[in-house]
Amino acid sequence: MAKLNFGGVEENVVTREEFPLAKAQQVLKNEVVAVIGYGVQGPGQALNQKDNGINVIVGQRKNSKTWDKAVKDGFVPGETLFEIEEALQRGTIICYLLSDAAQIQLWPTVKKHLTAGKALYFSHGFGITFNEQTGIVPPKDVDVFLVAPKGSGTSLRRMFLQGRGLNSSYAIFQDATGKAKERVVALGIAVGSGYLFETDFKKEVYSDLTGERGTLMGAIQGIFAAQYQVLRSKGHTPSEAFNETVEELTQSLMPLVAENGMDWMYANCSTTAQRGALDWWKKFRDATLPVFNDLYESVATGKESQRSIDSNSQVDYREKLEAELKELRESEMWQAGKTVRSLRPENQKPAEVVA
């Protein structure tokens, strides 16, 4: 365990240098890791573990699209791919990667197979933290922990294939065997984490729900929509409004922030851009701070979790979701974006060579 300074605060982190893959393989050599769910996080985590030499199996409903996807990805029915209940029976570590709503529905079946000494692994603190709403209360004789990659399962897999790693948090809720720490860290390395930082279940889900609704997804779409609307209302074309609102941010500026930080990005922009950004960022902070405080309070009091459970458990959830996504997809801004993306050089067909 290394102690690193994050802006003046020391935190415990685990790096791949101190906990190499060979050590993770040794810790997990007698384990059967059963990945339950093959939707958002399942494929990336399962495939990365498989490629890292971990004994991983997938549990999924037979004759479903996700079952077929697992087969296409190389999992073999009857060998490394099983119906959910058989995978639960075979697994010594249960990676519970279904959606939060689906976890609630399947919990009675999962709990039945959590025999003494097994481990229950999450990638989200939702089910445990809000257990009064979810009903997910594990037996006392199993380890319970989480590894939460800070990104989608798609990003986790892509970065793994590029030889990189997505940073993840880890937390231990229950250590029944005395081996929870080495088990969770080994799994964190095995799924492809670049490094692991320490948290707890409550902090993970509070920060995660705030982030998803805030700067990661909700706030960024709201800010995009507001600026685009202002530019269009002032006579700017869709292509100009989209380029100045989204394309320049995602294609040019954010990669610079990711590489070296906001101050470096500012220093490498025009002096006019620097001046404007420095003059306006605190105004945007002050304008949005009350919204973020309201958001965090809604998360901490369980309002957001209850709304998610109520909404995502409805039988027509998928149809309603598609209608909301369609509204985004068919908006002028994102239709303009579709055209803009098609014009990127990497998306152009090679020109024919004329002899």
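In this predicted model, ring pairs join Tyr96, Trp107, Phe122, Phe173 and Phe201 into one cluster.

Another edge-to-face pair is formed by Phe242 and Trp334, at 5.6 Å centre to centre and with 80° between the planes. Phe242 is in helix H12, residues 238-260, and Trp334 is in helix H17, residues 332-342, so this pair ties together parts that are 92 residues apart in sequence. Phe242 has a relative accessible area of 1%, so it counts as buried.

Let us turn to the sheet. Strands of a sheet pair through backbone hydrogen bonds, in either a parallel or an antiparallel manner. Here, 10 strands make an open sheet with mixed pairing, in the order E1-E2-E10-E9-E8-E7-E6-E3-E4-E5. Which strands stand at the edges? They are E1, residues 2-6, and E5, residues 81-82; each has a single partner strand, so one side of each is left without a neighbour in the sheet.

Further inside the order, I would draw attention to E6 and E7. Strand E6, residues 93-96, and strand E7, residues 119-122, run parallel and are joined by three bridges. Within this pairing, Cys95 has Tyr121 in E7 as its bridge partner.

Cys95 also brings us to the cysteines. The relative accessible area of Cys95 is 0%, so this residue is buried. Cys269, by contrast, is partly exposed, at 24% relative accessibility. How many disulfides does the model contain? The count is zero.

I come now to the nonpolar cores. The largest has 33 residues, and Phe75, Ile93 and Tyr121 have the most contacts inside it. Several elements each supply at least two residues of this core, among them strands E3, E4, E6, E7 and E8 and helices H2, H3 and H9. Helix H9 gives the most, with seven residues.

Leaving aside residues up to four places away in sequence, Phe75 touches Tyr38, Ala46, Leu47, Lys50, Val56, Val58, Ala70, Thr80 and Leu81. One of these contacts involves a charge: the charged end of Lys50 sits over the ring of Phe75, 5.8 Å from the ring centre. A second, separate core has 25 residues, including Ile57, Phe82, Ile84 and Val142.

Two other lysines complete the picture. The charged end of Lys283 sits over the ring of Trp280, at 4.2 Å from its centre. Lys320 is located in helix H16, residues 317-329. Its relative accessible area is 42%, so Lys320 counts as partly exposed. How far is Lys320 from Leu253 in space? The C-alpha to C-alpha separation is 34 Å, for two residues that are 67 apart in sequence.

How values were computed
Residues are numbered from 1 along each chain as its sequence is written. This is a predicted model: local features need pLDDT of at least 70, side-chain atom pairs count only at pLDDT 80 or more; totals for chains, interfaces and linings use all residues. Side-chain values use heavy atoms; hydrogens and water are left out. A disulfide is a pair of cysteine sulfur atoms within 2.5 Å. Buried means under 20% relative accessible area, exposed over 50%, partly exposed in between (1.4 Å probe, protein chains only). Two strands pair if DSSP finds at least two bridges between them. Helices (H or I, at least four residues) and strands (E, at least two) are DSSP runs, numbered from the N terminus. Rings of Phe, Tyr and Trp (its six-membered ring) pair if their centres lie within 6.5 Å; planes under 30 degrees apart count as stacked, over 60 as edge-to-face and the rest as tilted. A charge sits over a ring if NZ of Lys or CZ of Arg is within 6 Å of the ring centre and within 35 degrees of the ring normal. A nonpolar core is a set of buried Ala, Val, Leu, Ile, Met, Phe, Trp, Tyr and Cys residues joined through side-chain atoms within 4.5 Å. Contact means heavy atoms within 4.5 Å.
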